[in-house]
Amino acid sequence: MVIHLTGSVDDELTSERLTPKEIVRELDKYIVGQRAAKRAVAIALRNRWRRQQLPPDLREEIAPKNIIMIGPTGVGKTEIARRLARLTRSPFLKIEASKFTEVGYVGRDVESIIRDLTEIGVKLVKDERTKLHRETAVRNARERILDILLPDSRRPATRPAFVGPAAVEEEPQTETREKLGRWLDEGRLEEREIEIDVKEQAFPSFEIFTAQGVEEMGVNIKDMMPGLFGGRSKRKKVRIGDARELLIEEEAEKLVDQQAVAREAVERVEQSGIVFLDEIDKIAGRQQASHGPDVSREGVQRDLLPIVEGTTVNTKYGMVKTDHILFIAAGAFHVAKPSDLIPEMQGRFPIRVELESLTEADFVRILREPKNALTMQYSALLSTEGVELQFSDDAVREIAHYAAVVNERTENIGARRLHTILERLLDELSFEASDMRGQKSIIDAAYVQRVLADIIKDEDLSRYVL
């Protein structure tokens, strides 16, 4: 059973075999600890499958059990939600709740959450269908390149009934096309330039604030003036190596039914979409009385409430119902508490789960165990320069120790501290790697102490550097 980092999964993972235990097992491959949070999202995902097995009338009555994750930054809140979406190829959107403002003030419209999620859903479905047609698109693109290299050289469907000058002339053209085809397949023509029509993607960007939101106004203008907004194409000379991908993309788009993509995307957003509302604690609590107009936190919550409760949003792909979209909210809640949310909002997030701060032992596991472990990432990066990078066990423990110390003395940013530590630790090696081809570099505890010890001792410097 394989999980691909691109987000595609084996079909068996989207079936009844995707049990809560299996979900937690898959999340464990990428996220260390946080058992309670993993269990909560696993149950929520499984309940979606259970709901789909019910009769239609009862199915519509069952609302998703939205979740609030409580915990400091860098402990895995976003990653849990993102990996959950990848398991089932669900449209996923991460958005900060603090970006929205109360109705009547200039700012983002809350309905843009659903429009953005629908756009993600459309891209997801389109990419999946494009992959299904890729082989055909590759063949079609190959024939188009040959047509450009040797016009009027395609073999006719039937041979002429008589043998005449035309048939005699046809054979050399056909042989030449086949020869060019072989050279093309062997990569011998990659640097040769040909002329193709390339669609102009760029268009002027400006914002118009309306009651319907910025996004829909942009769509209407593009529909009215398609020539102004990327509807034209321009003839350009490009290398065959570059032209091939452009033509494959163009041919694949011809093979994909755009209306079917939109229908499936809307269905997938409605039934399996996931919205991650970060910084929910920033809009918790009532605003203190103040002089003059102000945007209240309670007002933002009330604007978000219909989207979370269930409403219908107009998008350029049609009406999208939000009744069964799963909302996962998250926040540190250092000052505010979940009980500071308005009662209606609290009622729509019945599951509360607290994530634990990461310890030194957790940092050791994060550096070693996940499939995308940081030590593995840096080793892979330097291997492109021909440098073999290895981390000894004592070095990993030392890095974890320094990360825990700095988090304790300064701001606790969780696992993100490992990124800053490793960047500082490997700064010299990363700079010199291009001149070290064929060499092997081992990072041990002594190296870690030599590079980081002075920074850790100087608290002011550690605040600045780490």
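Good morning. I begin with helix H2 (residues 35-52), which lies across strand S1 (67-70), S5, strand S8 (326-331) and S9 and runs at about 165° to S1. Contact here means heavy atoms within 4.5 Å; axes are lines fitted to C-alpha atoms, for helices over the stretch in contact, with angles from 0 to 180 degrees between N-to-C directions. Helices (H or I, at least four residues) and strands (E, at least two) are DSSP runs, numbered from the N terminus.

This is a predicted model, in which local features need pLDDT of at least 70, side-chain atom pairs count only at pLDDT 80 or more, and totals for chains, interfaces and linings use all residues. Residues are numbered from 1 along each chain as its sequence is written, and side-chain values use heavy atoms, leaving out hydrogens and water.

In what order do the strands of the open sheet stand? The five strands follow the order S2-S5-S8-S1-S9, with parallel pairing; two strands pair if DSSP finds at least two bridges between them. Strand S2 (92-96) and strand S9 (351-354) are at the edges with a single partner strand each, so one side of each has no neighbour in the sheet. On average, neighbouring strands of this sheet are turned by 20° against each other, direction ignored.

Helix H5 (residues 112-132) lies across S2 and S5, at about 145° to S2.

Finally, the charged end of Arg46 sits over the ring of Trp49, 4.1 Å from its centre (NZ of Lys or CZ of Arg within 6 Å of the ring centre and within 35 degrees of the ring normal). Thank you.
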